[in-house]
Amino acid sequence: MQTPIAIRAENISKTFHISEDSHNTVKHRLFNLFNPPRRRQLEAVKPMSFEIGKGECIGLIGRNGCGKSTLVKLLAGVYPATTGKIETNGTTLLLQLGIGMSHELTARENIYVSSSVLGLRVKEIDAIFESIVEFAELREFVDTKIKYFSSGMAARLGFSIAVNAGADIMFLDEIFAVGDLKFQEKAEAVLESSWIRGRTVIMVSHTMSTIEKYCHRTAYLSQGNLVFLGDTTEAIRLYLRDNEQLAPPGEGSLSGPPAMFARR
Amino acid sequence: MDMANAFPSGLISPHKLERLWLLARIEFKLRYYENKLGLFWALLKPVMDLIIYYVVFQVILRQNVPNFASYLFIGLIIWNFFVESTSGTIQILSTKKYLYEYSNMNKMEIYVSTLMSNTIGLFFNFVMFLIFYNFFENKSMGPSLENFWILPIFANLFILSLGLSLILSNIYILAKDINQIWQVAVSFLFFLSPIFYKLSTFLDHLPGFDYGNPMAGIIINARRVMMQHLPPDMSLLEWNFFYAIAILMLGFLLLDKFGSKAAEKL
């Protein structure tokens, strides 16, 4: 069966150059012309190629610091890739804790701005405004600035905008981590509903039950390498084995970029 | 991001215009309605500047420029737009990160909407200037058809400011202290512009600066068309457009080269 391609990644990789001294002022650059900064290279995502079909729901699992979020940002076009080429067909939306919303704006303004950025006309936003507020359960706080929101409230708003405004390709990076139980149930209901059909979803999660339930295929990443992409059960087995091997019993996290710790 | 994305080729579609207007309005509201005085601030700022320079140059130094208050007024509102659109946007890729870090939004829209918001402020000030010059200035020459030349002159100012905004904010990704450097450059430029000097004094003592400093030409021409019933100095206008477009092109180039790194560096 030949499904249309939503994302094609060819040999993509991402290397971060982390300079150890602050080399980001004109003064510092001038005084250190012949003294190049000490740089550490961090290969966050090592070269990998894959294709994701339209309408697929792909899981992305791996331990903290394995490159999941970086990979998602590469695919969403937020970071430029160091090597390789990414082709995406359709609008993209990256949903991650705390991004995509201005903390200086109210919920109402954020709804309008975000939905507009996602390609909706103001009239269309007017039409779905109520359902966004309703779904996020933020009726009383519509005109409150996001900076006064709890992280759960902000995440709910972000998810609600995403659900109602939508994009062809959605990257969901640990979105179930902060909502309360009731909201998580609602969010999962969305994933089960017809909403998800026709959309391409790439889901990053540490909650294996969610991955198992919704993902057609799952990618397992380890230290920046794409170790496996295919059958979800097999990917989860590899991931669990990795956790058992490397981590002391009970906890399995290396120090990595701050991530959400969702353990249920 | 490829070159096609960096150019505002697709900015004209009604949907994008609608979004630009939405972003500009919100930006404007954020700037002025967050404080107690609200929109009044937008009007108060040039009036306060005006009083200061009026006292210094007309009362103390006795420059004897006709209609000096209006002369200052138009110079200052143009200058304030320039400063707000350049100094005020150096950190734009950092403060507006929330707009581009979750979608593949064209960064040009962020710049254009911010400058549009500044344009709303300039518009209010300009209306104030018109009222002041035409109704309160004693020796006013009144309105004339030449006044419409202000539109291309403003377009020139917009392009120049946009270009510099792109250049500065993209340098900021690599060198944070461009902020301080530009502050110094701006105060230098301020004194090298004919904002409060008599034009003849400016031209005598700083020969060539009417061409060398792009802001000087814009201010000189704005006064000609608004206050002197004269058409703009065409060679100056052409030169200024050339200057502004060259700077804008350099800005596009920098955005194309460094803009995509903004998400990870800022």
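Predicted model: local features only at pLDDT ≥ 70, side-chain atom pairs only at ≥ 80, totals over all residues.

Tutor: A residue is called buried under 20% relative accessible area, exposed over 50%, and partly exposed in between.

A:Arg8 takes part in a salt bridge with A:Glu51, at 3.0 Å from N to O. The two partners come from distant parts of the chain: A:Arg8 sits in strand β1 (residues 5-19) of chain A, A:Glu51 sits in strand β2 of chain A, and 43 residues separate them. A:Glu51 has 38% relative accessibility, so this residue also counts as partly exposed.

A:Arg8 also meets the side chain of A:Glu87 in a salt bridge, here at 3.4 Å from N to O. This pair again links distant parts of the chain, since A:Glu87 belongs to strand β4 (residues 83-88) of chain A and lies 79 residues from A:Arg8. A:Glu87 is partly exposed because its relative accessible area is 32%. In general, side chains of opposite charge can pair when their charged atoms come close.

Over all chains, a search of the whole structure gives 20 salt bridges. Another of the pairs is in chain B, where B:Glu27 bridges to B:Arg31 with the closest N and O atoms 3.6 Å apart. Both B:Glu27 and B:Arg31 are in helix α2 (residues 14-32) of chain B, at a spacing of four residues, about one turn of the helix. B:Glu27 has a relative accessible area of 12% and is therefore buried. B:Arg31, at 28% relative accessibility, counts as partly exposed. The pair belongs to a network of salt bridges that links B:Glu27, B:Arg31, B:Glu84 and B:Lys96.

B:Asn106 lies in the loop between α6 (97-100) and α7 (107-136) of chain B. With 13% relative accessibility, B:Asn106 counts as buried.

Of the 266 residues in chain B, 53% are buried.

Next come the surface patches. A patch of positive charge on the surface brings together A:Arg29, A:Arg39, B:Lys257, B:Lys261 and B:Lys265. One of these residues, A:Arg39, is in strand β2 (residues 39-53) of chain A, the strand that also holds A:Glu51. A:Arg39 has 51% relative accessibility and so counts as exposed.

B:Ile51, one of its members, is in helix α3 (residues 39-60) of chain B. At 48% relative accessibility, B:Ile51 counts as partly exposed.

The loop between α3 and α4 (68-86) of chain B contains B:Asn64. Phi of B:Asn64 is near 60°, a positive value in a residue other than glycine. B:Asn64 is exposed, with a relative accessible area of 58%.

In chain A, phi is also positive at A:Gln223, a residue other than glycine, with a value near 45°. A:Gln223 is in the loop between β8 and β9 (225-231) of chain A, and its 57% relative accessibility makes this residue count as exposed. Strand β8 (residues 217-222) of chain A includes A:Arg217, which counts as partly exposed at 23% relative accessibility. The C-alpha atom of A:Arg217 is 9.8 Å from that of A:Ile202, and the two residues are 15 residues apart along the chain.

Note on methods: Residues numbered from 1 in each chain as written. Chains lettered and ligands numbered in written order. Heavy atoms only, no water. Helix = DSSP H or I, 4+ residues; strand = E, 2+ residues; numbered from the N terminus. Buried < 20%, exposed > 50% of the residue type's maximum accessible area, 1.4 Å probe, protein only. Patch = residues over 30% accessible without salt bridge, like charges linked within 9 Å, V, L, I, M, F, W, Y side chains within 5 Å. Areas by Shrake-Rupley, 256 points an atom, 1.4 Å probe, with all protein chains shown as cover. Salt bridge = Lys/Arg side-chain N within 4 Å of Asp/Glu carboxyl O. Lys, Arg positive; Asp, Glu negative; His and termini not counted. Charge placed at Lys NZ, Arg CZ, Asp CG, Glu CD.
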